[in-house]
Amino acid sequence: MLILNRRRLLSGTALVLFTASSAPSRAGTIAGALPWAPGAAAPPRPVVPGPWHFFTPAEGRTVEAIVDRIIPPDPDGPGARDAGCAVFIDRQLAGPFGRAEGLYDHGPFVTGTKQQGPQSRLDPATQYRGALRAIDAYSAQHHDGRPFVDLAAADQDAVIGAIEDGSLPIEDVVTKDFWTMLLKNTRQGFFADPVYGGNRDMAAWKWIGFPGARYDYSDWIDRHNEPYPHAPIGIAEAPLWRPAASK
Amino acid sequence: MRKLPHKDVAIIGLGWTGSIMAHGLSEAGLDVIAFERGPWRDTAQDFPPTYAPDEYRYRVRHELFLRPAQMTFTFRNNPSQTALPIRDWGAFMLGNGVGGGGLHWNAEMWRFEPSQFMLKTHLTERYGAKFIPAGMTIQDWGVTYDELEPHYDRFEYLCGTAGTAGNLRGAIQPGGNPFEGPRSRPYPTPAQKQPFNATLFAKAAREMGHQPFPQPSGNMSQPYTNPLGVTLGPCTFCGYCEWFGCGNYSKASPQTTILPVLVKQPGFTARDNCEVLRIVLDAGGKRATGVVFVDTDGEEWEQPADLVLCCAFTPFNVQLLMLSGVGEIYDPAAKRGNVGRNFTHQTVSTATAFFDPATHRFNPFVASGAIGMCIDDFNGDNFDHGPLGFVGGGYMGQVQTNGRPIETTPVPAGTPTWGAKWKAAVKQNYNSSVYSGSGVHGSFYSYDDVFLDLDPTYKDRFGRPLMRMTIDFHENEHKMSAFLTDRYAEILRAMGATRVDKLPRTGHYDVTDYQTSHLCGGAVMGAEPSTSVVNRYQQSWDVPNLFVIGASSFPQNAGYNPTTTVGALTYWTLDAIVNQYLKAPGPLVQA
Ligand SMILES: Cc1cc2nc3c(=O)[nH]c(=O)nc-3n(C[C@H](O)[C@H](O)[C@H](O)COP(=O)(O)OP(=O)(O)OC[C@H]3O[C@@H](n4cnc5c(N)ncnc54)[C@H](O)[C@@H]3O)c2cc1C
Ligand code: SF4
């Protein structure tokens, strides 16, 4: 006998979290059979290229310039700008990550020890906005009024160094905590599945030799010290899937 | 508040312990309801192989985990500090949803060493009482390895654990862990195949006189049908294991071992997305009458029940006791109370080894959550601590679980964290280095100043006080970590590494630094109500129709992952409830 009675209650005061792609779930009763809802799976929503969702055009250019110094292009591998890291960060800031959704946001907000972790009252989107303003202000102050994007690479590196060591002041933000976030977000965009807007054409995966979303290495567990022969694939695509002419 | 029809048993939490108890008690003919604060989860819907391999979604954005907005804790290193809230997770991760931590664990499946269950007695007999550092509050468990052995066996056969026996009924077996306690029969399935790095580690360790063996694993080495009739498929070494659900039905979890049978059991009902707020006590405070839970509408309901089981995982078990007024909260200054006392975690350390890319290619992405070759020569009391001046130990091994590049791009210490030099180092070392996040899995013994209580300032979303964690490392653990990490690094060097960077555990406990999710203690078991919260059957001393099940019962944490011991304790308690308690409900041990 199948008794499947999932009470679908309207979401009220209780906390129901939206994940990146799935609908919120509601309290339910399960008995007699596994609950099974056709079409309930939640694949990720792919990032579609196009205008910035969160950054202003000027901010977008600044972020592209910053990430391209954090992971610079070289003859061997892509830089973060071409890999799409700024697009990745933009879409993340426009979504739940940017709003600090799911994090604990009750006050009082007190700066504690390093071991107690970041305690900012500002969400990541607001921190980025303030930081980008501060980065241009700092660049202007140290380099004849020029914004970050107009600096020579070495000067850009010096400004990034000032974020890293915490000496570049950002209003209401612990600069070192912002740096930790910026560095993480850049690497995430570089190495995440291309479905999130970075790691374009799986360039970063190809560069280090990571096969991506392949899910079965049964044939390679015994092939010790031998190069893995297959190109990477992603959740939504594989660079191999192209007309011969465009390869 | 509306009252629901009476049930025989109310279970709080439907992870590993809750699933085992629900299955056993509904099989015994009881009417069982289980409450789970998170959603129902299954493979096809939540992590099918088409999109399970997504490092960003599951590893970075924590899709399958509890979010701090739902519930968090405050944290400080010592009682002189003001605790601050953990706003985002770091040092440990917490399950949320059916399957609990069992859904996204590695499935490294260790038994504890027999002497662990008599730790205080054992160390005192061997080294003298003075050898135990001041402030360390280790104690015996009140249950022995021999009593638990049949229940260890039952959990391993539920999971299909892959491994090589080291001690069969007292006879040491080649290729297994010679230090393990006697087991009544071999592992249900043979050990997993091993990758290059683990194989090199085992060879080097053997040549140095150590005794390597494959890590016991809940990632299947072959198809396996468990005693409940549920079948798991072979692991494909996908490298998206811990922090992820398995899209292949290859990792032992409640989903792949119990739930398909449990939901069909007459008398079993689950409520998902329903969070239990408290255990309800009668006027005398000596009997639980049920639980109060809140649904996603914010509506509170009362579920009356004869028997209440806390299966909510360590910190939530302790928190439920505190918020329900069961027992007295530990106060270190007054030296009173036991709820929250002897809270522990793990002392993890590691070393990264770099090899010549021209001769070494590890393919780190070919891995599983519980793969690897280990040694146990420096765990528990398997070595003489006398000259070393510390107690405790840990297993160590090449147990690298992945080559997921957001997490795993090792570079030599001192490399800049960005720019051309970082980039060149990533490329150079990605395929020619080995990095096991928890290569050295050290114990964390209990102390009088490491504990849980309620925070005076910060509140949860219902306006109740958050639980406060006070936790730091002590000199004993620092010494142990330095010693173990040195031994580990020696083996990595003998593997042929051109460079080894040691990462022993130093300094203060840092809540942003991941250290396993093995929170233990706070509602510990024991022979005496004066030093424990539950008796040897995990039954509350104060409220005999309440059982508090899980690693919250550990008086201290050993140098192993906890869950096989948690599974054994759960079956041990199930056995006591079915064969003793139901016949004569009341205290199973007289205080
Ligand atoms: C990333 C990761 C890797 C791990 N790897 C290993 C490993 O390799 N080996 C090992 O031995 N262990 C490992 N563990 C630990 C292992 O997952 C736990 O020990 C195990 O799941 C504990 O079982 P449990 O039933 O006590 O808790 P869980 O399985 O976590 O289940 C508790 C359940 O209770 C629910 N709950 C909590 N509070 C309430 C409430 N108030 N109302 C309703 N429901 C509630 C939770 O949502 C959860 O689903 C790992 C854990 C993590 C997170
Ligand atoms: S490594 Fe194996 S057990 Fe783990 S998720 Fe992948 S296929 Fe499943």
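This is a predicted model: local features need pLDDT of at least 70, side-chain atom pairs count only at pLDDT 80 or more; totals for chains, interfaces and linings use all residues.

Reply: Residues are numbered from 1 along each chain as written, chains are lettered from A in the order written, and side-chain values use heavy atoms, without hydrogens and water.

Me: How many salt bridges are found over all chains?

Reply: A salt bridge is a side-chain nitrogen of Lys or Arg within 4 Å of a carboxyl oxygen of Asp or Glu. Searching the whole structure with this criterion gives a total over all chains of 35.

Me: Which residue forms a salt bridge with Arg183(B), and are the two buried or exposed?

Reply: The closest N and O atoms of the pair are 3.0 Å apart, and the partner of Arg183(B) is Glu180(B). Buried means under 20% relative accessible area, exposed over 50%, and partly exposed in between (1.4 Å probe, protein chains only). By that scale, Arg183(B) and Glu180(B) are both buried.

Me: What separates Lys479(B) and Glu475(B) along helix α11 of chain B?

Reply: Their salt bridge has its closest N and O atoms 3.8 Å apart. Helices (H or I, at least four residues) and strands (E, at least two) are DSSP runs numbered from the N terminus. Because Lys479(B) and Glu475(B) lie four residues apart in helix α11 (residues 475-494), the separation is about one helical turn.

Me: Why does Glu475(B) count as exposed?

Reply: Lys479(B), at 37% relative accessibility, counts as partly exposed. Glu475(B) counts as exposed because its relative accessibility is 57%.
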